[in-house]
Amino acid sequence: MLKLGGEAVIPFLVRLLEITINNGTVPTDWKKATVVPIFKGGCRADISNYRPVSLTSVVSKIMEYVITKYIRETWEKTNWLSEKQHGFRPGYSCDSQLVTVCQDLADSLDTGERIDAIVIDFSKAFDLVPHDRLLFKISNSGLDSRILAWIKDFLTGRTQKVRIQQELSNDVQVTSGIPQGSVIGPLLFLAFINDIEINMQSTIRLFADDCIIYKVIRSEGDEKTLQSDLDKLWEWASINSMKINPQKSKSISFTKSRIKQSLAYSLGGNSIVEVNSCKYLGITIKNDLNWIDHVNITTKKGWRALNFVMRTLKKGNNNAKKLAYTSLVRPILEYGVACWDPYRKCQVEYKIKL
């Protein structure tokens with residue numbers, strides 16, 4: 001209808017959006033979502049390996065876009081969002097987050113210091129956000145009262161059903177969480193997690209719910225400070241109904257020293273596994289910032305993508321091959337390259353056995 005109506009529909013849409021914002025109410029149809037599970041990786045039989053993406057009303061998304069633009073401008077003017085948060089913000093990206101973290105690590109290694117880091121794994125962070133607590137947090141962020149009323153009604157009384165191929169489940173009530181796939185959802189999640197760094201002495205970096213916390217270790221007291229901050233993080237998660245998975249969280253010590261000390265950090269009384277390398281935002285980081293492991297992984301992924309293109313477009317024209325290469329292969333090779341771009345000859349010419 002929107003496509004067929006063209007410009008003739010615009011006045012009616014404008015009137016509808018004005019009514020919803022002035023009354024602080026959201027039509028019931030806008031609160032209905034069809035959830036499509038998107039496979040993330042791992043065992044396909046495990047439902048935890050799927051990301052629930054909500055398909056919602058297109059008209060609702062237009063209204064969400066208008067409100068999101070207003071909220072973003074308001075918070076950027078007042079610097080209400082933490083500068084440690086790089087997710088879903090203009091001027092920030094995965095690359096800016098990775099460059100910031102890797103620069104901090106490199107600075108410590110250059111001065112011969114040791115820096116301990118813990119990569120935190122939140123379980124289903126978007127789905128567990130309590131609506132009342134979220135509304136309380138944004139109530140003092142400088143937003144117009146009509147916007148707050150609209151967001152409250154937007155989150156209240158939502159229903160969803162799951163679609164698998166052509167089969168649909170029954171509608172169920174949504175009592176918590178932010179719809180993944182909505183326009184305003186990511187910004188609301190940033191607001192909810194914005195106070196996570198309060199009273200932290202260690203450095204904490206965020207990309208949405210991807211969290212890493214680290215501190216330069218010069219004495220035993222610094223280790224205790226980092227553990228204290230981990231305890232505060234666990235307490236924050238408990239108060240805010242978030243779940244941290246200690247088993248999937250990783251601890252890593254970045255140092256050039258040949259004598260490595262065992263780490264003994266914990267979350268909620270559960271020991272955190274110590275590793276020599278970890279994956280953060282798609283980049284494999286080693287404890288000495290040697291990028292050979294990531295070069296190896298990236299090369300394998302690139303070859304697999306290139307072989308797929310070569311098999312699929314074996315008889316295609318050059319333009320199609322070029323487009324497929326720039327769309328499917330180059331992004332793999334260029335992601336995060338500002339951090340790991342190899343400068344050693346052995347890494348530039350690195351070859352693997354497929």
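Lys321 touches Leu313, Lys314 and Gly316, leaving aside residues up to four places away in sequence; contact means heavy atoms within 4.5 Å. Lys321 sits in helix H10, residues 318-334. Helices (H or I, at least four residues) and strands (E, at least two) are DSSP runs, numbered from the N terminus. Met310 is 11 residues from Lys321 in sequence, and their C-alpha atoms are 7.9 Å apart in space. Lys321 has a relative accessible area of 32% and therefore counts as partly exposed, the class between buried (under 20%) and exposed (over 50%), with a 1.4 Å probe and protein chains only.

This is a predicted model, in which local features need pLDDT of at least 70 and side-chain atom pairs count only at pLDDT 80 or more, while totals for chains, interfaces and linings use all residues. Residues are numbered from 1 along each chain as its sequence is written, and side-chain values use heavy atoms, without hydrogens and water.

Another lysine, Lys40, lies in the loop between strand S1 (32-39) and strand S2 (50-55). Lys40 is partly exposed because its relative accessible area is 49%.

Now the whole chain. Its secondary structure comes to 12 helices and 14 strands. The C-alpha atoms fill a box of roughly 70 × 60 × 40 Å along the principal axes. Of the 354 residues, 42% are buried. Among contacts between residues at least 6 apart in sequence, 68% join residues at least 24 apart.
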